[in-house]
Amino acid sequence: MAFFTHQVIRGISSSAVRNAAIKHVTIIGGGQMGAGIAQVAATTGHSVVLVDTNEEILKKSAKGIEGSLKRVVKKKFADKPDAGAEFIAKVMANVSISTDAASVVGSTDLVLEAIVENLKIKQGLFGALDKVAAAHTIFASNTSSLPITDIASSTSRLDRFGGLHFFNPLYFYVMMVIGTSATSQETFDSLLAFSKALGKTPVSCKVRSSDIPYYTIRYLHHMDTPGFIVNRLLVPYMMEAIRLHERGHGSKEDIDIAMKLGAGYPMGPFELLDYVGLDTAKFIMDGWVEKDPDNPLMQPSEMLNKLVAEGKFGKKTGEGFYKYK
């Protein structure tokens, strides 16, 4: 009886807090994406803790955020240097760094993960944090390809788990809010409100579930399918471009030009692969192949595998399909 009462009280208090706005955010992963999300959240007035196991990465990330803000100031405060300096100081005051995730999640409203696209690693992270995070804390993953349901399975807060997928580059105004069949209405509403508070436009989608109401417009309670919406269409497109090149049907330069001029895309598929990271693309494809090995859209590429094995990940390493200075 005591256990039951405790659970009821915890559930009531958690629900009440979840209706409150997300103010304090813990971002796990100090790489390019994690640092970028931290900047967006801090700029919109959220208190942010950026967490990584490597202190040098965190220092580099903090320096990168400040450098990015200085570029913003050059454009927005060109004639007002004092206002620009105040803007940078105000945003940076919202950002702190830590190498100990367990010590900071006890009072945070949202834990957002932006680490390597590896299911077991993500499950291990959330499984550990679930034991120390506050009852009201919402967990979310920035994964671009892995099912949120699978990631959430390592925790006991399935109703407080969702996906927040930011597009790269982060100045894109659209983002995805993903829910599973177990994600509660309160959690989804909080994630949706948080997305809007960041100045983003959440993607809309219709979904049916026995546990969730029917959403008509303005909501993406997007169910788990490999890659969700954008990457489910985008990654097979990029992989087919590689296969065209592998078969000798077109050079990478011609394929890129064709898609930019013929389809109006800002980047060709090979330029985009280099920008996203060939290692990231391979991680996604490896996961998809494992889940659906007979799907022709999800077959690996020898050329991509070879480049990744050689450490040629794209722009971040100076070479991928193209070379960069």
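Which residues does Leu164 touch, not counting residues up to four places away in sequence? The views below start there. This is a predicted model: local features need pLDDT of at least 70, side-chain atom pairs count only at pLDDT 80 or more, and totals for chains, interfaces and linings use all residues. Residues are numbered from 1 along each chain as its sequence is written, and side-chain values use heavy atoms, with hydrogens and water left out.

**View 1. Leu164 and the largest nonpolar core.** Leu164 touches Leu110, Leu112, Ala140, Ser141, Asn142, Met175, Met176, Val177, Ile178, Leu191, Phe194 and Ser195, not counting residues up to four places away in sequence. Contact here means heavy atoms within 4.5 Å. The largest nonpolar core has 33 residues. A nonpolar core is a set of buried Ala, Val, Leu, Ile, Met, Phe, Trp, Tyr and Cys residues joined through side-chain atoms within 4.5 Å. Buried means under 20% relative accessible area, exposed over 50%, and partly exposed in between (1.4 Å probe, protein chains only). Leu110, Leu164 and Phe166 have the most contacts inside this core. Helix 2 (residues 32-43) gives the most to the core, with 7 residues. Helices (H or I, at least four residues) and strands (E, at least two) are DSSP runs, numbered from the N terminus.

**View 2. The aromatic cluster of Phe126, Phe139 and Phe161.** Rings of Phe, Tyr and Trp (its six-membered ring) pair if their centres lie within 6.5 Å; planes under 30 degrees apart count as stacked, over 60 as edge-to-face and the rest as tilted. By this rule the count comes to 6 aromatic pairs. Take Phe126 and Phe161: their ring centres are 4.8 Å apart and their planes lie at 70°, so the pair is edge-to-face. Phe126 is in helix 5 (residues 119-130) and Phe161 in strand 6 (residues 161-166), 35 residues apart. Phe126 is buried, at 0% relative accessible area. Phe161 also counts as buried, at 0%. Now Phe139 and Phe161: the centres are 6.1 Å apart and the planes at 80°, so this pair is edge-to-face. Phe139 lies in strand 5 and Phe161 in strand 6, so the pair ties together parts 22 residues apart in sequence.

**View 3. Two serines from a UniProt record.** An unreviewed UniProt entry places the feature "binding site" at Ser68, Lys75 and Ser144. UniProt positions are given in the numbering used here, feature names are shortened, and annotations may be inferred rather than shown by experiment. Ser68 is found in helix 3 (residues 55-76). Ser68 is buried, with a relative accessible area of 17%. Its side chain makes a polar contact with the side chain of Gln39, at 3.0 Å. A polar contact is a pair of N or O atoms within 3.5 Å; within protein, one must be able to donate a hydrogen and the other to accept it, and residues adjacent in sequence count only if both atoms are side-chain atoms. Ser144 sits in the loop between strand 5 (138-141) and helix 6 (148-152). Ser144 is buried, at 10% relative accessibility.

**View 4. Asp279 in helix 11 (residues 278-291).** Asp279 is buried, with a relative accessible area of 17%. A polar contact of 3.0 Å joins the side chains of Asp279 and Lys316. Asp279 touches Val308, Phe313 and Lys316, not counting residues up to four places away in sequence.
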